Amino acid sequence: MKLIAAMSGGVDSAVAAARAVEAGHEVIGVHLALSSNPKKYRSGARGCCTIEDSHDARRAADVIGIPFYIWDMAAEFHEEVVENFLAEYADGRTPNPCLRCNEKIKFAAVLDRAKGLGFDGVVTGHYAQMFETELGRTMHRAVDPAKDQSYVLAVLNTEQLAGAHFPLGDTVKDEVRIEAKRRGLYVANKPDSHDICFVPSGDNAGWLRDRLGSDVGPIVDSDGKQLGEHKGAYTYTIGQRRGLGITVPAAGGEPRYVLKIEPKTNTVVVGGHEALAVSKIVGDKPIWCGPAPVTNTEHRGFAQVRAHGTPLACTYSQDGVEISVALDEPLFGLAAGQGLVIFDGDRVVGSATVARTQ
Amino acid sequence: MTIYLDHAATAPINDAAIDALNTQMRKLGNPSSTHNSGRSVRKDVEDARHKLAQLLGANPSEIIFTGSGTEADNLAIKGFFWQFPERNVIVTSAFEHHAILDPVEWLVAHEGAEEIRLPITKFGTIDLEFLAKVVKERGAEIALISVMHSNNEIGSLQPISEVVRIAGEIPVHTDAVQSFSKVEFNFAELGVSAASISAHKVGGPHGIAALILKHGLDLTPILHGGGQEREIRSGTLNAPAIVAFTAAAEYAIANRDHNFKKVRELRDYFISELRQTLPDVVINSALDPALPGIVNASFPGTESDALLLLLDGEGVSASAGSACNAGVPRPSHVLLALGLSESQAYSSLRLSIGISNTKKEIDQVITVMPSVVERARNAFVVSELV
């Protein structure tokens, strides 16, 4: 096959590209320039969007012996990922920009361009496995549970998955680093990227405050009684306990947690731990990573709501518009906007965006 | 199979230069040393300087060797600017190479310079009337006028003699990096104050170039140290590269008329075949008077980075405008200066022909072109829909 290897400048995508070449594919390396001003994004050791990273990617491509180009996706990235991230927060939701980037950039803009140019698909260094099963081409968890990225890939529909190649899913990270060294890829020891690549300081709260404002507003309990003041509602997350600065103690002396953020009234609602309990989740905009489950029928599976969260046993159903999940055991703290991913064992069934909880 | 159509980026090194390099690299001695070894290498360097001066129509002492064309341009821009503390205007043109535009921008940002960029006419030459007006109105404030001898992206030769005439007493620098050895170039006859040339564009090695500076003029140095080149440029003289530079230039100029004719015929053939194969192609490059081998063409509905990727896949080496330091393609400022829109500039390629190319190679490129353009259009359509 003819494949485009998306090369971030990190060790994973470099080894993935090398493996694709070794598997006999015709591979071209592409680095995505996601910022029109690379200096504005995270610097070398921590991220994937700087000049240093593009040089690392180029060097890896040269060592592997494949052509290498830089594709300017800055405008698409800004519109689809950064703007969306801000808009979601402004609406009081908690989005995951990595999911969005996979859905709209890496396996949409890049994959589409690759296909237009006559390529068959995109290979990345994501940790997930693809198998041909009786259900067709299906996506499964990586063998390395610490690196498994099937959660952030669950936004890919079957067409996108058909063009997606993840050569690292069957390997643990330590072995990938050893292999990189053996292949002469000097990024072998480059630290993993973390957090959000377009927030250079790593201070998400501050970054949001700078863009969405930091108007002081009330912190109230579930009855609406004011307990204190916050310095910008966007900087709080559901389930947050520390840093609330409330001086009025709770009746029973239990700690208080953020239950809800209401952007329209600029209010943060707090309450006891039990109020965070969620046993029913409704997600909208479902995407199926294979055949859609039979509608209006109960299925058993696992729900996961965070990138490295625990899979929670559940019964779920879908009606074509929404996915409804009933958890066997409640989870504590879930915000609208988070990604809801359904697994059948280690197979990714699909995903949705958390709309309501109960 | 590689078909190299990027001679304006760098030309193949010729045998004369390789032989000269090989011989000279085996000789020990720093040309600035006074002992026998040093003197022996010094003689080789000075012999080369004399020969190069003859080829340039300059005096040997007017040649200041530098490490690159960019360094020569920087030395001219900053060196002249700092010579005239009472003059803060630098006049350039809108389609100069970045080795000119960027040092000027730096002087504007850090040293209080004012930049005036000459507009480009639809014929691909600088607007002389505009220059005359600027000189008339601001002449006393102008430290330097720098206009390239020929444009590296569209090939058009510039009316440098006219610039010199209009400039009067104002120093004129010309970046002749693309012109030297390809078209007639005589430093003394041209009458400019300074000119930049570079070895790797004429079939010599990388890392050696020169600023030709008219006798009697002084420049403020940008590199300080041993003062090897007229106290204006410091740094150990790169004897093997200098000797090879001259050998390459000698070879290229001895064959200049023949090469010019051959390359221009190939260019004209390429353009006519392109037009027949892809009727909507737009040729942006100049035909006459121009460098012989530059073809700059727009392929509507495509993006140049896709065209380059696909051509590369077919074994064809070409180039587009410039890229930023992260390698992100940018629309060519040259084409924008010519009046093209951003999307037209984004859809343009520069294919530069050299003496090593053959008609058969041009035919092969023409054969793959329709499929390349079609695929680039497919990719463009989907990327626009995202």
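**Sheet, domains and helix packing in a predicted model**

Asn266(A) lies in the loop that connects strand 10 and strand 11 of chain A, strands being DSSP runs of E with at least two residues and helices runs of H or I with at least four residues, both numbered from the N terminus. The model is predicted, so local features need pLDDT of at least 70 and side-chain atom pairs count only at pLDDT 80 or more, whereas totals for chains, interfaces and linings use all residues. Residues are numbered from 1 along each chain as its sequence is written, and chains are lettered from A and ligands numbered from 1 in the order in which they are written.

Although Asn266(A) is not a glycine, its phi is positive, at about 55°. Most residues other than glycine have a negative phi, and most peptide bonds are trans. In chain B, a cis peptide bond with omega of about -5° links Asp288(B) to Pro289(B). Pro289(B) sits in the loop between strand 9 (282-283) and strand 10 (294-298) of chain B.

An open sheet of chain A is formed by four strands in the order 9-8-11-10, with mixed pairing; two strands pair if DSSP finds at least two bridges between them. The edges are strand 9 (226-231) and strand 10 (257-262) of chain A, each with a single partner strand, so one side of each has no neighbour in the sheet. Direction ignored, neighbouring strands of this sheet are turned by 30° against each other on average. Strand 8 (residues 216-220) and strand 11 (residues 267-271) of chain A run parallel and are joined by two bridges. Val220(A) has Val269(A) in strand 11 of chain A as its bridge partner.

Chain A is assigned domain 1 (2-125 + 167-189), domain 2 (213-271) and domain 3 (276-357), with bounds from an automatic or database domain assignment. The centres of domain 2 and domain 3 of chain A, taken over C-alpha atoms, are 28 Å apart. Five residues of domain 2 of chain A contact five residues of domain 3 of chain A, contact meaning that C-beta atoms, placed from the backbone, lie within 7 Å.

In chain B, helix 1 (residues 15-25) packs against helix 8 (residues 239-254) at an angle of about 155°, and their axes are 8 Å apart. Axes are lines fitted to C-alpha atoms, for helices over the stretch in contact, and angles run from 0 to 180 degrees between N-to-C directions. Helix 1 of chain B is therefore roughly antiparallel to helix 8 of chain B, a term for angles over 145 degrees.

Definitions and conventions: Two residues are in contact if their C-beta atoms, placed from the backbone, lie within 7 Å. Angles under 35 degrees count as roughly parallel, over 145 as roughly antiparallel, 65 to 115 as roughly perpendicular and the rest as oblique.
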